[in-house]
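Keep the 3D view open as you read.

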Amino acid sequence: MKLRILMVLVFMTLLLLGAGKSATVKPAGAGHEAEAVTASMPRFRWENFTTANGLPDNHVFAVLVDGDRVWAGTENGLAVFEGGRWKVFTPKDGLAHRAVLALALDKSTGDLWVGTMGGLNHVSAGRIDTYTQLNSGLSNDVVYGVGVQGDYVWTATAAGASRLNTRTGEWSLYNERNTPMAEIWTYAVSVGADKVYFAVWGSGVLEYTIATGRWKDYTDPDGENELVLFKDQGLIHKITSSVSYVDNTLWAATYFGDSHYDGRSWHNFLTKDSGLPSNFTNQVRGLDARRAWFCTDRGLAYYDGVNWAVYRPALDTGKPEMYIRETSGKITPVPVETAPAHNYMLAIDFQGNDVWVATAKGLSHGIRQK
Amino acid sequence: MKRGLGIALASGAAALAMTLLSAVPPHAQASAANSGDQYLSPSEMAFSPDGRLLYVVCERSDQLLVLNASQGVVVQRIRVGHVPRTVAVSPNGRQVFVTNSWDDTISVIDAATIDAAKSTATRTIATQAEPYGLVVDHGGKTLYVANRIDNDVSLIDIATGVERKRLTAGHGSSYLAISADGRRVYCTHVYPRIVPQRRVPQSEVTVIDTASEAVAERIPLDGVAGMFHVALSADGRLGVVAQMRPKNLVPLAHVEHGWVFGHSLTVFGADAGGTIEVPLDELEHYYSLPYGVAIAPDKSRIFVTASGSDVVTVIDTKRLLAFAHSRRKPFVNDLSASANYVRARIVVGRNPRGVAMSPNGRRLYVANRMDDTLSVIDTLNDRSVGTVDLGGGAKTISAARRGEQIFTTSRYAFQGQFSCANCHIDSTFDGLTWDLEPDGFGKDIVDNRLIEDLAGTEPFKWNGGNPSMATECGPRTEMYFYRSQSYSPPELADLVDYIYSLPPRPNRFRASDGQLTAAQERGKAIFYRQVNKFGKAIPEANQCAYCHSGPKHTSQKGFDVGTGKWTDRSPVFDTPQLVNIALTAPYLHDESASSLEEIWTVFNPHDQHGATNDLTKDELNDLVEYLKTL
């Protein structure tokens, strides 16, 4: 419990103050190989949205792309960018709470499910319905994660996981009483065709198999909070912040490194042996079994299965920065003129070749250049 | 029409029907005999694309009647599912679809077999809970079905019978219409949205884009509760909804001032230039429970049935829009307004419900639900030209049938303002709270309950003050609702007979074999427990099953369960029955609990309403799951 409180304090402090400083990337020697790697990595021109141009708050916790529309969950309301303008929904419009933490799209209906600090919202063509721990079976009002699986809406809350059957209205709760969840602070959910994964703060990753209704846990095999004794043998750490399940592959983020699991083998990522700019990762989004994006407290990282690219304002100067980190460890800076709004990244979503990134100081649109 | 004449004609509807019959050929009376002696209760209709056949849904007899439209002859009686509600025909006319609201199915009928006199439902399609309205998309591939209990619209692939998706619609989603170009489907709902207690009722028209199969828009209608049919003009520029505006936020003491129900239309679309609510009532006479609506092909007229007043109102569209545009402020409560755009009030049979306009626009057919007849209206001359007797088998009207006729007519209320059916929509409830007068203004604000399966649940009223249904419906109704002499003793007896005859609809949360799910079983154990989680005995009066005992889960006694408010004269309330309790949110005597959960999470801090504060959230969810099965 003390550890959890400490982590919360660390998280909130970093969120509000921005990231700490680290050394600027040093150029490495350039060669043909490096040039080829550099050329293969995506480059973006970044356009940033803040309160100055319509966003209701600069603390952006979640982002979701729905065709031409982009939804942003901020500390002061839900915003949608459509037709070049932002429209904002607040508790006055029916939002359960002003702080919006998570977003999920029901692709079948186009409806949006919204996790807030005060309950779960269902947004459908402008109508907002609210589910709370008082007026429904929702396990807790603090909803960190949302996912849609057919007729079911899964939520990751501060008191375990909940599942709403939208067909019958039945709520099923999952917590320490019926899952291997030692801690019930669920922090994110990722829904696949056959499985649902939860990032559980202090209990690693929980896997729910849809066909059997059974749960399985994945935890840090060495059980050490400060050390990684068993590298590539399991989840890197049990303080899990994010999961992403794609192509039968699990990507898991923690505040102490990240992990990749293909069903047979684990691979761990740490700053010391990968291109991760930080071990403190708020969100991981797998593109497929090989590629993923990492939203860390020190920048946005892209991993193509071999090499890494990092996008951020430089930690010391704040100037736009991009660099490539090859598997050999070689680092190559890439000249860029724009950068995301801040190096503290919280969430990412994709719009064709573009990316949208939620940061601690605005929402950033990465417009693909190459 | 003279108002007094209208009332007189309504009360003599049987004689009127006989008179009208002389205006149509003899063969317009049923030529295909009804096989049983059941009442039919025709409610909705649809034409075949060529206008040759008219399909009529009969709620009571579980039949689809097929009429030769030109001859007014019933050529087929097709058995469908239980309590059918609506019929739709595929664009090519080859398939006919009927929603069976108590079976949760759609009957699919091959139209080619109809003339062969052997037609039956060729197959059934499973639906969500209580399918009501339906339309077919212009491609003939997708059914849009409004599910009244599930509050949504299902999109069902006709070829496979598989539901492709469900779109959230209004509370009690019921009626659908598709635009002439097939690009939009419009859905209305009969119960208002669940809002915080004592707020203005809210409703919506849900607009579905058929290309994206997603909700494109929700047209908000504040102050509206109880929406029925919606219709679109042929050019798509005008939409019309039949609706009620309850005045439930003021004490029900102003019947003489017309301050109980307003009956109106909402017009919307490009012609309206927005959303405009227009009253149908007059200064001294009301046209209650507007239900079916149609727009003439040339858009010159709007037809709307007043199902409680046995009248079809004909509106001059041009005058209506001109008048509406001339008014800068809302005029829906201006009872003098309708004189500016109402062309005619055409008397039809008892309880007119759905309408169907012939493809050429010359005839409007009206389903007279309580007469088992159809009225035929000449749309160019605004007059009834005949009545089609559908051949209801019963020659002697039963007490319950007479009672249902009384239940659905507003002729007993002062100025014909409303009927039982205004608040008990389709013999259910209305989702509203009312401030009744006898207990003083602002006191004892109460909701009305579902009125199915009431035998054995006496006494009535939330304070248990009415020992019998005769008291509930007799003197109380005369004095505090209708402000009239109301019913004669035989009429009251018939009305009571009808209400007691209402069966419970199927419970959608209980498996057909009665087996409970694991969560429901756990909830049942909580409902019947006598010891709390700490091993301490729960006082008898704090056990769920003590007050909610017996087959209907009511001890028929009153208790103080801690839910009384400062507005209540007494904190003691009659124990409500729990039959189909899942359907009747919001809850408690004053609808202060928006959900079953809130009964205990918000309104039971001291365990007076059952011992529940030792329960975890999971366990409370289990209890709710069990309650939904009752």
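In chain B, 53% of the 630 residues count as buried. Bear in mind that this is a predicted model. Chain B is built from 12 helices and 32 strands. Its radius of gyration is 24 Å, close to the 25 Å that the globule rule gives for 630 residues, so chain B is as compact as a globular protein of that length. If you box in its C-alpha atoms along the principal axes, you get roughly 75 × 55 × 50 Å. As for how the chain folds back on itself, take the contacts in chain B between residues at least 6 apart in sequence: 56% of them join residues at least 24 apart.

Now for the inside. In soluble globular proteins, nonpolar side chains tend to be buried together. Here the largest nonpolar core has 152 residues, and those with the most contacts inside it include Leu54(B), Tyr55(B), Leu64(B) and Val87(B). Strand β2 of chain B, residues 53–58, gives this core its largest share, six residues. Domain 1 (401–501) and domain 2 (518–627) of chain B both give residues to the core as well, so it lies between them.

Leaving out residues up to four places away in sequence, Leu64(B) touches Tyr55(B), Val57(B), Ile78(B), Val80(B), Pro84(B), Val87(B), Val98(B) and Ile109(B). Apart from this core lies another one, of 106 residues, and among them are Ala104(A), Leu112(A), Ala292(A) and Met322(A).

Back to the two domains of chain B. Their centres, taken over C-alpha atoms, are separated by 26 Å. Where they meet, 21 residues of domain 1 are in contact with 20 residues of domain 2. On the domain 1 side of that contact, the largest share, three residues, comes from strand β30 of chain B, residues 445–447.

Next, find strand β23 of chain B, residues 311–316. Is it mostly covered or mostly uncovered? Mostly covered: five of the six residues in β23(B) are buried. This strand has a partner in β22(B), residues 301–306, and the two pair in the antiparallel sense over six bridges. They form a hairpin with four residues between the strands, where Asp310(B) takes a positive phi near 60°. β23(B) also pairs with β24(B), residues 342–347, again in the antiparallel sense, over five bridges. You can follow this through one residue: Thr313(B) stands opposite Val304(B), and Thr313(B) also stands opposite Arg345(B) in β24(B).

One pair to look for is Leu250(A), whose bridge partner in β20(A) is Tyr261(A).

Terms used
Residues are numbered from 1 along each chain as its sequence is written. Chains are lettered from A and ligands numbered from 1 in the order in which they are written. This is a predicted model: local features need pLDDT of at least 70, side-chain atom pairs count only at pLDDT 80 or more; totals for chains, interfaces and linings use all residues. Two strands pair if DSSP finds at least two bridges between them. A nonpolar core is a set of buried Ala, Val, Leu, Ile, Met, Phe, Trp, Tyr and Cys residues joined through C-beta atoms within 7 Å. A residue is buried if 20 or more other C-beta atoms lie within 10 Å of its own, exposed if 12 or fewer, and partly exposed in between; C-beta atoms are placed from the backbone. Domain bounds come from an automatic or database domain assignment. Two residues are in contact if their C-beta atoms, placed from the backbone, lie within 7 Å. The radius of gyration is taken over C-alpha atoms; the globule rule is 2.2 Å times the number of residues to the power 0.38.
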